[in-house]
Each structure stands twice: as structure tokens, then as C-alpha cells.
Amino acid sequence: MFDPVKVVSDFIRFPSVSTDPAFAEGMLGARDYIANLLKSMGLEVDILDTPLHPLVRARRTGPEDWPHVLIYGHYDVQPADPLELWSSPAFEPEIRNGRLYGRGSADNKGPMMVHIAAAARLLESDPNAPIRFTFLIEGEEEIGSPSFPGILERYKDELKADFVLLSDTLSPSTEQIAITTGLRGLTALEVEVTGPRSDLHSGINGGAVYNPIQALSEILASMHDANNRVTVPGFYDDVIPAGDWERSEIARIGSAEDYAKQLDIEAFHTIDGISPFEATRLMPTLEFNGITGGYQGKGDKTIVPSRASAKITCRLVANQQEEDILNKVVRTLEERCPKGIRMRIHRGKGGPPYQVVPPDRENTPAEQNPHLARAFRAADKAIATHFPNAPLYLREGGSIPIIGQINNILEMDSLMIGMFTPADNLHAPDESFDLKMFERGIAASEQMLRELITAR
Ligand SMILES: [Zn+2]
């Protein structure tokens, strides 16, 4: 059996920055490294080509009645810049105070190795273990996984497993593991309004024409009511109400006062009866991400500007459809565009929301995959055994589009166990991975996989 810490360290040495072509060699190195590691575990490895960065797939096949676990991870990392802010070089891993420092240590090279090491231990001690594995390790996660849906379509039959196991989500701390039961989806657009052909002298023309900044502000201000509800007709139609169990899990997260202090705000602005922690997890949003128009330089400039624009994104929750929400928002903006103003809307990219209800809850689907249900129960037990607390079950406000795509295309649910924490500095200088988390995570994952076999 390999030494997991050494393996992650060696893995980090390959600078696999997917967004920058200058790192092609690092991408290739990381890909080969993980492919060889999986091969050394007796798995059947192949490389799935894409227009950009290939995926590594490794399989352990077996009879149909063996549980089949698809383990997801990504070998690409974020750029390490600004390099001068790192205490030790980003691609030269170093252990300090029980943490492994290096770009990709927590996102996602360490956490994905939790399950690879667990499977390796299991297979080494029990070479005939009745369990099927498919490892699917992609190289485009940090650039939005553009090739991933195509791969799911192309290998649909072969990739279909009982469920997906992954660790690419957040836990509150190393003491408190979270199992992520949902992710928000995303839809994006840019709205541009134009009045006169060019900027006008506000003394000569001011008062006679609709100022585009005024028009845009009025339209944007109409998108929420006083209670912070989005006013787009039908916006909430497909939102599934949360289960009571979810509300009580969320209530365990912490205090709203501390959260407000942390953000340095005096008050939250949520829909009546919804706590800030619920608002970010259970509810969709319509958010203005940027607004621009007119003169923004020093001093004054007395004009009626020609144009103004705003960037808008919506976070979606299950069962909202990206396309449907985008259409509704576009229609609403267009309907609210006043005479004298022209509007153009550029549609952006998005991703579907996702939700899984664990077994034994009041709203668990009756037809839930039995292996998935067993895995949830086994994970609960294993985490309670190896960590100080039983896991929290939380939907997250962020988006991982591939999880919804896997659900839409392969009809598979995901068991997402958070292995990184806010202390790990993801996407930032001095990214690190807690080695106690790593060791406990491997032990818990191994116990969970074993239980999946014996409970069969
Ligand atoms: Zn990641």
C-alpha cells in the first residue's frame, strides 16, 4: 500500500493549471501520475479524450449485483498567482503544523486521494472484494468542466453506477464534517440599455430624454419587492419546499449574529421567516453582479449618457430549470423596458441545481437506489466513528454544475463528503490540507466502502 501523504505530495509537484496553456506539461504529468497510481491498484485505466484536457478513467468491473461506486475527482488546479504571497513555493509541497501546503492540496488532490487510498486499502486487504469501482478524474473542473457533459453522453452506459462518491465540497471544520445534499444552479445574463445614439449635453437635452441609467435603475429596482422576493412572474413556481429535517440541520450551523459580525453588516435582508443560513441554501436568488454606465472619471461631466448595462446572475435551487428561469427573467426585463429606451440582452452560461434527500427522511424518494441509501447510512456511521461529531447534512449555496449534469444525464445521485474547510485557503495563496482530516477521512471512507459490501 502506498503512503497517501507522499502520493499527494508527489501529485502536487505537477503544476496542473488547466486554464493556462503554458502548463501543458504539468497537466500531462498530473494525468500520467494519477493514471499510473490507479493502474498500480489493479484497475483498468484508460484516457478519455476531449477537445481540451482528457479525463482519466479507471475501472474495476464485476457482476451486476456488486455495488458500483463512481468516484469523481479533478487533477487540475487553479493558478498559483500571486506567487510572492506563498510562504513556500506553490508546487513544492511542504508540511507545517500538520498541514500539507501546496496548490491543489485541498482542491482537489488531497480530498480525491481520500477515496483512492480507501479503495486501495480495501482492495489490498480483500483482493476479491465484491465491489465495482469507476474512478473518473477530470482535468477541466477549474475552467467550468466544458467537456464533461459530452463525456457523460458519450460513455453513458459504461459510466452508469449506483451512485457518485466525491469530496470537493466544504465542511465547517475538521471536527464537523458536512455531507452536502444540494447545490444551487446558476444562470447568467447581461442587460444593456441604450437611449440616444451618443452621450448628450445635459444642459441642451437634459429633461427631454429618458436617461438610460435612470431607466436601468428603475428596471433593476423592480426585480425585488420590499420583502426581497424576486418579482419575476413564475420565478418560485418549481422550487421544492425544504423538509423539516433540513431546517433543523441548518439551525445547528451557528448563530446569525456571528455571521453578521463576520460580514460586518448590521442586518440581514432575507424574505420574512427565512434565516440567513436558509436563504443561502434553500432559496433561489437574482443578484446584480455589476453595473456600469455614463461618466465615471474624476470631477464632473454633465451628460445624459447613451448607455448603461448590468450583469445579473440567478442562483437556482431544485427543481428550477436554468433555461426556463433565464427565459422568465429576460421576458420580465423586456416587458419593463420603457419607451425611448432600447434593450439588448446577452445570455451567459449556467448550470443546473441539484438536490439529494438522504434515506430515512420524511421526503426521501421511495425509489431511491438501495446502494446509495446504504452508503449514506454507512457514511453517517463511519464519520461518527472517526470524527468527533456525526455529520451535518446541508445544501450548499454554491454551484458544481457537473453534479446536476450527472443527475440529469445518468440519473445518478451523489454522496458529497466535505473534506476541506475554510482554513484551507482554496484558490488562494498558502492553500493547505489538514493531514488529520486526511487520515480520518481515509479511515471513514474505507469503513464506509466495507460496510457497503457487507450490508449487501
Ligand atoms: Zn475542486
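Helices here are DSSP runs of H or I with at least four residues, strands are runs of E with at least two, and both are numbered from the N terminus. The model is a predicted one, so local features need pLDDT of at least 70 and side-chain atom pairs count only at pLDDT 80 or more, while totals for chains, interfaces and linings use all residues. Residue numbers start from 1 along each chain as its sequence is written.

The peptide bond from D107 to N108 is cis, with omega near 5°, and N108 sits in helix 3 itself. The helix is also mostly covered, with 17 of its 21 residues buried. Buried means that 20 or more other C-beta atoms lie within 10 Å of the residue's own; with 12 or fewer the residue is exposed, and in between it is partly exposed, the C-beta atoms being placed from the backbone.

Zooming out, the protein chain has 13 helices and 18 strands. Its C-alpha trace spans about 85 × 50 × 45 Å along the principal axes. The radius of gyration, taken over C-alpha atoms, can be set against a globule rule of 2.2 Å times the number of residues to the power 0.38. For 456 residues a compact globule would come out near 23 Å, and the 24 Å of the protein chain agrees with that. Buried residues account for 43% of the 456. Two residues count as in contact if their C-beta atoms, placed from the backbone, lie within 7 Å. Of the contacts in the protein chain with a separation of 6 or more, 78% are between residues 24 or more positions apart.

Next comes the nonpolar interior. A nonpolar core is a set of buried Ala, Val, Leu, Ile, Met, Phe, Trp, Tyr and Cys residues joined through C-beta atoms within 7 Å. The largest one has 110 residues, and A379 and L415 touch the most other members. Helix 3 (residues 105-125) supplies the largest share of this core, ten residues. Both domain 1 (4-183 + 353-454) and domain 2 (185-239 + 284-347) give residues to the core, so it lies between them. Leaving out residues up to four places away in sequence, L415 touches F163, V164, L165, L372, A375, F376 and A379. In soluble globular proteins, nonpolar side chains tend to be buried together.

The domain bounds come from an automatic or database domain assignment, which gives domain 1 and domain 2 for the protein chain. Their centres, taken over C-alpha atoms, are 39 Å apart. Seven residues from domain 1 and seven residues from domain 2 make up the contact. On the domain 1 side there are two nonpolar, five polar and no charged residues. In this scheme Ala, Val, Leu, Ile, Met, Phe, Trp, Tyr, Cys and Pro are nonpolar, Asp, Glu, Lys and Arg are charged, and the others, Gly among them, are polar.

Another cis peptide bond joins A318 and N319, with omega about 0°; N319 belongs to the loop between strand 13 (307-316) and helix 10 (322-335). E411 is not a glycine, yet it has a positive phi of about 55°. This residue lies in the loop between helix 12 (401-410) and strand 17 (414-417), and E411 is exposed, with 10 other C-beta atoms within 10 Å. H427, also not a glycine, has a positive phi of about 60°. H427 is placed in the loop between strand 17 and strand 18 (432-434) and is partly exposed, with 14 other C-beta atoms within 10 Å.

E249, in helix 7 (residues 244-251), is buried, with 21 other C-beta atoms within 10 Å. Beyond residues up to four places away in sequence, E249 touches L392, Y393 and L394. N327, in helix 10, is partly exposed, with 14 other C-beta atoms within 10 Å. N327 and S171 are 156 residues apart in sequence, and their C-alpha atoms are 35 Å apart in space.
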